[in-house]
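Let's take a walk through this structure together, one spot at a time. Have a look at it first, and then read on.

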Amino acid sequence: MNQNADTAIDLAEAGEPLDGALLTLIETIEALASAGTVADIALVVRSAARRISGADGVAFVLRDEEQCWYLDEDAIGPLWKGRRFPMEACISGWAMLNRKTAVIPDIYADDRIPHDAYRPTFVKSLVMTPVRPADPLAAIGAYWAQERQPTTAEVARLEVIARATAAALESARARASLQEALERRELLLHELDHRMKNTLAAAHSITRQTLRHADSAEAFADAFERRLMALSQAHELLTQGGWGRATMEQVLMAAVTPFSGEGGDRMSLFGPAMSLSPETAVDLHMAFHELAVNAAKYGALSQPGGRVSVTWDVGEDGRFRLTWQESDGPPVEMPTERGFGSRLIESGMSVRLGGKATLRFAPEGLVYKIDAPLSAGLAAG
């Protein structure tokens with residue numbers, strides 16, 4: 001025999017008009033079944049529970065971790081709508097913690113009631129029943145303005161509503177979870193489309209710019225393959241992090257490690273934690289890769305003893321500053337023309353970061369500096 005049938009027998013044994021009681025309960029259950037949100041459920045519960053029980057007021061209380069949240073009410077006077085109380089400090093919390101209905105004919109004769117909280121209200125008697133007693137997630141309170149003993153039928157009706165409310169809340173949560181999953185799926189598809197277009201655009205730009213400055217087919221193939229691999233490595237770094245934000249240190253390590261020598265003792269990196277958006281991480285990785293390749297071919301890393309130091313910081317003015325400094329390498333000469341790599345790490349990064357990126361070909365070693373404001377793409381922490 002199911003729970004609703006048991007309750008119907010309880011109503012019959014209590015001498016209540018069974019057909020009328022069941023009709024009202026059925027209407028309430030149908031309304032709860034069609035309620036799509038928690039707010040809709042609260043609206044049904046507060047009006048239906050008062051009508052069915054004949055109470056002077058009803059409150060719908062949600063469990064919010066270790067607090068009782070009086071979400072909604074329908075009463076002849078104000079109760080506690082919108083307020084939160086510790087589970088141990090109110091009768092709704094007692095009903096949920098003890099997983100059973102509290103029937104209290106005289107609130108001032110029961111030490112479970114916080115009397116100071118009730119004195120400003122009309123309440124003299126009450127019934128508080130938990131929603132889903134096995135693992136309560138809410139409670140329904142019915143209140144009367146006169147001292148009285150709530151009848152067995154009144155308590156039974158409230159418990160039936162509580163059972164139906166439990167099913168409605170589970171359904172609402174399932175709907176919300178499904179909607180969230182669908183929205184996340186759409187967001188992921190949109191993000192994937194965006195990233196694919198960005199990647200193809202980057203590959204197209206690399207192809208065009210590398211071809212424009214290549215002296216031969218072999219030189220083009222070498223530079224194009226290297227830059228495409230750098231783009232792939234940047235995407236691999238972000239994929240490992242679920243395409244979330246990356247750190248400055250992660251991006252630098254991924255770009256320079258292949259050129260740092262055995263033990264990585266030819267490069268030093270130092271600076272505070274910086275959080276990079278996926279787009280900024282890819283751009284900086286490409287720039288650092290170009291610098292590392294240049295250092296390995298012509299700069300400090302092209303001969304034994306050469307070193308590269310990368311430092312960064314955020315000043316009191318809230319601006320990010322980074323310095324790539326090469327030392328102990330061969331004498332540096334000013335290039336006769338600027339290729340794709342130079343434009344990428346200077347004008348490209350200036351535009352991307354909304355600041356200024358400069359290359360200085362000092363005789364003692366190449367110096368690259370970035371000075372840019374903090375932003376959503378480049379943040380401290």
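Predicted model: local features only at pLDDT ≥ 70, side-chain atom pairs only at ≥ 80, totals over all residues.

**A buried serine and its surroundings**

Residues are numbered from 1 along each chain as its sequence is written, and side-chain values use heavy atoms, with hydrogens and water left out.

Back to S125, which you'll find in strand β5 (residues 125-131); strands here are DSSP runs of E with at least two residues, helices are runs of H or I with at least four, and both are numbered from the N terminus. What does the side chain of S125 reach at 2.9 Å? That's the backbone nitrogen of R148. A polar atom of the S125 side chain also lies 2.3 Å from the backbone oxygen of P105. Setting aside neighbours within four places in sequence, S125 is in contact (heavy atoms within 4.5 Å) with a list of residues including I104, D106, Y143 and W144.

Y143 brings us to the aromatic rings, as it forms one aromatic cluster with Y70, W80, F85 and Y118. The structure holds five aromatic pairs, where rings of Phe, Tyr and Trp (its six-membered ring) pair if their centres lie within 6.5 Å, and planes under 30 degrees apart count as stacked, over 60 as edge-to-face and the rest as tilted. Take Y70 and F85: their ring centres are 5.7 Å apart and their planes stand at 90 degrees, so this pair is edge-to-face. It links distant parts of the chain, with Y70 in strand β2 (residues 67-75) and F85 in strand β3 (residues 84-86), 15 residues apart. Y70 is buried at 2% relative accessibility, and F85 is buried too, at 15%.

Now for a helix. α3 (residues 38-53) has 16 residues and reaches 22 Å from its first C-alpha to its last, close to the 22 Å expected at 1.5 Å a residue, that span being 1.5 Å times one less than the number of residues. Its buried residues include I41, V44, V45 and I52. Seen down the axis of α3, the buried residues fall within an arc of 165 degrees (taken from the directions from the helix axis to the C-beta atoms), so they line one face of the helix. On the other side of α3, A39 and R51 are exposed.

How values were computed
Buried < 20%, exposed > 50% of the residue type's maximum accessible area, 1.4 Å probe, protein only. Polar contact = N/O pair within 3.5 Å; in protein donor to acceptor, adjacent residues only side chain to side chain.
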